[in-house]
Amino acid sequence: DDRKPDTMERLLRRFRIRSQLARECVAEFLGLYIAVVFGSGAAAQVITSEGTHGSYLTIQLGSALGAIFGMLVAQGVSGAHLNPVYSMSLCVLGRHPWTKLPLYSLSQLIGAFLGAGTVYLQYYDAIQAFTGGQLLVAGPNATAGIFSSYPAEHLSFWGGLVDQVVAAALFLLCCMALEDKRNGPLPDGLQPIVVGVLILTMGVSMGSNCGFPLNPARDLGPRLFTFIAGWGPEVFKAGGGWWWVPLVAPFVGGLLGTLTYELLIEAHHPNTSNEEQSPRRQQEVVELEEMELEEVVQPQNKIDIEEKLRYM
């Protein structure tokens, strides 16, 4: 029994990922995978049971709670972005390296793709029974909406575009407020829960038009899965080629919401000490101070060397 902890410790060390970036990508992958499994799982339960095992509200609860647990899994390693739009917004603000954005986004996309595959395997029999073996994108027996967003019949193209820009802008604006430690800092560990509440709020207020996708990786990954799993090219043709709207519009809205918060709120905070800032901000300040110190020290070192050479 005494040897078991040592054996497990050696095993864990052997499988430890040494690259920090790789660890962050794995965390992003797993975090969004969990969010998709719970969110799409809730939708599958409601749709395949024809509403006898849940409702629109339980779908939104599944999405919100899935996001919470996905963030809790990933936050200590990668910061739990779980959304390319959020990652891009941090890059624009200089709080996240642009070089990491493609790998974070790819990891999130793969996590969403495999999350959809897991839900499909779990609900395979229920989906087959509900559809009679015919996988449809539209109509009363449509099941593609379990995995990705599709516009409601009343929604026009421009209406959907506006819907996504406005929703993503509000989402990122609120996320920036949560990130801002100078505007009512949250207790440690509470941020994922508040983000989940935000997602639930958006679901019950902005979900009827197209399901408020907000997350390009969350929408495109499952859409690609349904394309190869039997729903076919209709997943890209439905809604007049709707698929690119939840892929592009959230980036536009996210940037708009981020800049709105920065210009109208964060830019007007009084100067504060490092202790009142977020860990990410503290790190930025430390790096800036180190750069300034190097600029001061290097010329001084050069002068010292010149003085020594003069007396040699």
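Predicted model: local features only at pLDDT ≥ 70, side-chain atom pairs only at ≥ 80, totals over all residues.
The secondary structure comes to twelve helices and zero strands, and among contacts between residues at least 6 apart in sequence, 75% join residues at least 24 apart.

I would like to turn to the aromatic side chains. A pair of aromatic rings is described by the distance of the centres and the angle of the planes. Searching the whole structure gives twelve aromatic pairs. In one of them, the rings of Phe-113 and Phe-225 have their centres 5.7 Å apart and their planes at 80°, which is over the 60 degrees that the edge-to-face class requires, so the pair is edge-to-face. This pair links distant parts of the chain, since Phe-113 belongs to helix α5 (residues 101-122) and Phe-225 to helix α9 (residues 216-231), 112 residues apart. As for accessibility, Phe-113 counts as partly exposed, because its relative accessibility is 25%, whereas Phe-225, at 11% relative accessibility, counts as buried.

Phe-225 also pairs with Phe-147: here the ring centres are 6.3 Å apart and the planes stand at 55°, so this pair is tilted. Again distant parts of the chain are linked, with Phe-147 in the loop between α6 (124-131) and α7 (157-179), 78 residues from Phe-225 in helix α9. Phe-147 has a relative accessible area of 2% and is therefore buried.

Which residues do the ring pairs link into a cluster? They are Phe-113, Tyr-120, Tyr-124, Phe-147, Phe-225 and Trp-231. A ring with a charge over its face is that of Tyr-150, where Arg-223 lies at 4.7 Å from the ring centre.

Let me move on to the packing of two helices. Two packed helices are described by the angle between their axes and the distance between the axes. The axes of α7 and helix α8 (residues 191-206) come within 11 Å and cross at roughly 160°. Angles over 145 degrees count as roughly antiparallel, and α7 and α8 are therefore roughly antiparallel to each other; their crossing is right-handed. On the α7 side, the residues that make the contact include Ala-167, Leu-170, Phe-171, Cys-174 and Cys-175, together with Asp-163 and Glu-179. On the α8 side, among those taking part are Val-194, Val-195, Leu-198, Ile-199, Met-202 and Met-206.

Notes. Residues numbered from 1 in each chain as written. Heavy atoms only, no water. Phe/Tyr/Trp six-rings, centres within 6.5 Å; stacked < 30°, edge-to-face > 60°. Helix = DSSP H or I, 4+ residues; strand = E, 2+ residues; numbered from the N terminus. Buried < 20%, exposed > 50% of the residue type's maximum accessible area, 1.4 Å probe, protein only. Lys NZ or Arg CZ within 6 Å of the ring centre and 35° of its normal. Axes fitted to C-alpha atoms, helices over the stretch in contact; angles between N-to-C directions. Parallel < 35°, antiparallel > 145°, perpendicular 65-115°, else oblique. Left-handed = near helix turned anticlockwise from the far one by under 90°. Contact = heavy atoms within 4.5 Å.
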